[in-house]
Amino acid sequence: MTQEPEHQLAHWLAEADHAVVFTGAGMSTESGIPDFRSPGGVWATSQPVMFDQFLSSADARREYWRQKALAHEGFVRAAPNGGHRILARWERDGKVKAVITQNIDGLHQDAGSQRVLELHGTARWVGCLACDARFPAGEMVARYRALGEPPDCPECGGMMKHATVSFGQSLPERILADATSHAQNADLFLAMGSSLVVHPAAALPEMAQRHGARLVIINREPTPLDGTADLVVHAVIGETLQAVEARR
Ligand code: NAD
């Protein structure tokens, strides 16, 4: 590689007809939301509650709601960062055809991205596991705080859980199918802010590359796909995207 990486990426973006962006928790750290696996990330202080534990144990549901109520504050305070806004601009310019995200914070949509495929659902809603009724997360977190206990569904008394995908729960089929189709049709696949270890989401970059896309990884730390990617930038997303934007 003789060109600087930002210049190379700007060039590939200019050539692309179907660029697809794939984002992880690192996309939102510059908005003040901690990721999971970095030092100081969520897993430094909390263990994930598996879906089967959530279903079978009242204590696990209490721990789940404790973690979710805590995270809720961070989500409410956060606003999209410069990186989110640049990706929305690339979509408006017709370059980016979809943003596939593992994030549950809704910040891509707040920044103006239209075609956002939320593989792991959204923390903005809470749903009933029995009757599928949905409520804004803020309403249910307030109820949790008032009760000091996980809330039951106001419609049917069923168990309430955020509309996010827990470990052990399957990904939304239609969204995964749509994401797979975008990965297979991509000519440029930009994976950013993801450790690329959570499956099946992390299989998408490899799939895109197998189907002919150039694979670009922007991540502060190394990922398991660095060895096969066409371009790897170990840097912060915001600055990197700004540098690419300046060279477009
Ligand atoms: P991860 O925590 O496993 O990896 C994040 C990666 O981003 C790390 O490798 C880190 O080095 C990198 N990173 C952090 N800040 C960065 C920055 N500013 N620029 C460049 N790189 C940066 O996250 P993951 O791969 O998305 O997988 C974890 C799961 O976490 C996902 O399923 C997601 O649903 C969930 N999650 C979401 C949010 C959110 O919605 N904002 C926050 C935490 C976790």
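Strand 3 (116-118), strand 4 (121-128) and strand 6 (160-164) each contribute at least two residues to the lining of the second largest pocket. Helices (H or I, at least four residues) and strands (E, at least two) are DSSP runs, numbered from the N terminus. The model is a predicted one, in which local features need pLDDT of at least 70 and side-chain atom pairs count only at pLDDT 80 or more, while totals for chains, interfaces and linings use all residues. Residues are numbered from 1 along each chain as its sequence is written, and side-chain values use heavy atoms, with hydrogens and water left out.

The second largest pocket holds about 370 Å³ of space. On a 1 Å grid over the protein atoms alone, a pocket is an open set of points with protein on both sides within 12 Å along at least five of seven lines, a cavity is a set where a 1.4 Å probe fits but cannot get out, and lining residues have an atom within 4 Å of a point. Grid points are joined across faces, edges and corners, and a volume is the space filled by probe spheres set on the points. Of the 19 residues lining this pocket, Arg134, His162, Ala163, Thr164 and Gln169 lie nearest its centre. The lining comprises eight nonpolar, seven polar and four charged residues, where Ala, Val, Leu, Ile, Met, Phe, Trp, Tyr, Cys and Pro count as nonpolar, Asp, Glu, Lys and Arg as charged, and the others, Gly among them, as polar.

The largest cavity contains about 40 Å³, and its lining is made up of Lys68, Ala71, His72, Phe75, Ala123 and His162. Helix 3 (residues 58-77) gives the most to this lining, with four residues. By class, three lining residues are nonpolar, two polar and one charged.

The ligand has its own shell of 27 residues, with Arg37, Gln102, His120, Ser195 and Glu221 the closest; a residue belongs to such a shell if one of its heavy atoms lies within 4 Å of the molecule. This shell divides into nine nonpolar, twelve polar and six charged residues. Oxygen atoms of the ligand lie 2.4 Å from a backbone N or O atom of glutamine 102 and 3.3 Å from a backbone N or O atom of glycine 193. Taken alone, the ligand exposes 860 Å², of which the protein buries 96%; accessible areas come from the Shrake-Rupley method with a 1.4 Å probe.

Most residues other than glycine have a negative phi, and most peptide bonds are trans. The bond from histidine 199 to proline 200 is cis, with omega near 5°, and proline 200 sits in the loop between strand 7 (188-192) and helix 8 (203-210). Leucine 196 is in the loop between strand 7 and helix 8 and has a positive phi near 55°. Leucine 196 is buried at 5% relative accessible area, buried being under 20%, exposed over 50% and partly exposed in between (1.4 Å probe, protein chains only). Aspartate 132, in the loop between strand 4 and strand 5 (134-136), has a positive phi near 70° and is exposed at 64% relative accessibility.

Key
A polar contact is a pair of N or O atoms within 3.5 Å; within protein, one must be able to donate a hydrogen and the other to accept it, and residues adjacent in sequence count only if both atoms are side-chain atoms.
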